[in-house]
Amino acid sequence: MAIHRLNHAVLFVRDLARSVAFYRDVLGFRQVAMTPDGFDGAAFLQAPGSTNDHDLGLFEVGAAAGPSGAGRTTVGLYHLAWEVDTLDELAATAARLDEVGALAGTSDHGSTKSLYAKDPDGLEFEVVWLVPADRLDEAALTARKRISRLDLAGEKQRYGGQTRGGVGISVPA
């Protein structure tokens with residue numbers, strides 16, 4: 001058996017409508033009609049350009065649900081990372097996340113350029129652009145051993161805003 005990729009994630013959320021609106025309006029997900037009959041409180045979403053049946057399942061647990069303690073007081077998942085095709089898309093996503101107060105930070109991991117954000121329930125996620133395999137030089141590979149501040153303008157100058165990321169890594173060359 002070989003795992004090829006993450007197919008979907010499921011999150012427990014306080015307010016389903018609020019979470020659907022966030023993932024739709026900020027990240028461009030679209031709701032797909034696949035909620036089982038008679039099962040209220042769930043929604044399934046597909047990422048733009050995805051070929052998955054769905055990429056995100058949301059299950060409402062109600063307003064009384066406490067915050068996730070994962071990584072602070074309990075074990076649990078830290079975050080999921082979604083990949084974008086270009087640095088221009090990463091910059092546009094950063095602007096949308098910042099506009100709604102969801103952007104928590106940015107990082108340069110050498111071969112990965114990352115945004116970190118939180119959804120309305122405070123669940124953290126990452127949006128990344130991966131340096132294409134044929135552009136991975138010694139500097140990018142060495143920089144994987146540290147976390148630096150992301151200079152998005154500088155990265156766009158270095159790689160080009162429309163260069164497709166992940167080619168040869170997560171996208172066949």
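How much of the chain over residues 5–130 is helix and how much is strand? Select that stretch to begin: 18% is helix and 33% is strand, and the end C-alpha atoms are 15 Å apart. UniProt lists residues 5–130 as "domain: VOC" in an unreviewed entry; its positions follow the numbering used here, feature names are shortened, and annotations may be inferred rather than shown by experiment.

A word on the model before moving on. This is a predicted model, in which local features need pLDDT of at least 70 and side-chain atom pairs count only at pLDDT 80 or more, while totals for chains, interfaces and linings use all residues. Residues are numbered from 1 along each chain as its sequence is written, and side-chain values use heavy atoms, leaving out hydrogens and water. Helices (H or I, at least four residues) and strands (E, at least two) are DSSP runs, numbered from the N terminus.

**First stop: the open sheet**

Select S1, S4, S3 and S2. These 4 strands form an open sheet in the order S1-S4-S3-S2, with mixed pairing (two strands pair if DSSP finds at least two bridges between them). At the edges are S1 (9–13) and S2 (30–32), each pairing on one side only.

Now go through the pairs:
- S1 and S4 (residues 56–60) run parallel and are joined by 5 bridges; Val13 has Glu60 in S4 as its bridge partner.
- S3 and S4 are antiparallel, with 4 bridges; look for Ala43 opposite Leu58 in S4.
- S2 and S3 are antiparallel too, over 3 bridges; here Arg30 is partnered with Gln46 in S3.

**Second stop: inside S3**

In S3, 5 of the 5 residues are buried, so the strand is largely enclosed by the rest of the structure. Ala42, Phe44 and Gln46 are on one side, Ala43 and Leu45 on the other. In a regular strand the side chains alternate between the two faces of the sheet.

Select residues 87–99. Helix H2 has 13 residues and reaches 18 Å from first C-alpha to last, close to the 18 Å expected at 1.5 Å a residue (1.5 Å times one less than the number of residues). Its buried residues are Leu87, Leu90, Thr93, Ala94 and Leu97. Finish just after H2, where Gly101 takes a positive phi of about 75 degrees.

Key: Buried means under 20% relative accessible area, exposed over 50%, partly exposed in between (1.4 Å probe, protein chains only).
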